[in-house]
Amino acid sequence: MIRLVLLRHGPTDWNAEHRLQERADIPLSDAGRAAVARRKLPAELDGFRWLASPLARARQTAQALGVTAVPEPALIEMDYGTWEGLTLAEARAGDPGAPANEARGLDFTPPGGESPRAVQARLVELGGRLLADRRDTAAVTHKGVIRAALALATGWDMTGKPPVRLDWTAAHLFRLDADGHWSLERPNIPLEPPE
């Protein structure tokens, strides 16, 4: 059994514009760097190995948190294909099949992209490697990856509301048992001081 903590990168300019940045290598914005600078990792993460998506915004977040994170390709954001760079409204307006596609939950696949189920397959493979190493691990990744992990851990099919509302400025603790099954141990571990 190991623990795996996932946290989302800090904000970017595209986040502020509500653009689907996904695989685009957008760096943290000035506001994003300031937001991450206010975060403090809880002592319970001392001794964890750190990984990060290879995208700049995740690596920059890890650096701003003061951790040395090894780039891990399995943690890269879900591929949104031709929707990348668009707002969700723009993507829907340009794709008449979007509502039916989005209703497919785990099997939703943007044109030219990948599904959440494909992201889960990456996470299962990564989980197997982490279990073999027997080391608790924390990782800076992306919203789509964390949502896929939540679905993997809870059985949520990604239709309707998620079983847990996640705070994207917090860390989320998962547990992988010896057989590779995921469970959500503790969501929404605060990283920012209360206002």
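I began with helix α7 and found its buried residues (under 20% relative accessible area, against over 50% for exposed and in between for partly exposed, with a 1.4 Å probe and protein chains only) to be Gly144, Val145, Ile146, Ala148, Ala149, Leu150, Ala151 and Ala153. Helices here are DSSP runs of H or I with at least four residues, strands are runs of E with at least two, and both are numbered from the N terminus.

A note to myself: this is a predicted model, where local features need pLDDT of at least 70 and side-chain atom pairs count only at pLDDT 80 or more, while totals for chains, interfaces and linings use all residues. Residues are numbered from 1 along each chain, and side-chain values use heavy atoms, without hydrogens and water.

What do the buried residues of α7 pack against? I found β1, α6, β4, β5 and β6 (contact means heavy atoms within 4.5 Å). Just after α7, I saw Gly155 with a positive phi of about 85°.

Next I turned to α2, residues 30–37, where Gly32, Ala35 and Val36 are buried. They lie on the same side of α2 because they cover an arc of only 95° around the axis, taken from the directions from the axis to the C-beta atoms. On the other side, I found Asp30, Ala31 and Ala37 exposed. The buried residues of α2 pack against α3.

Last, I looked up Ser115, in the loop between α5 and α6. Ser115 is buried, with a relative accessible area of 11%.
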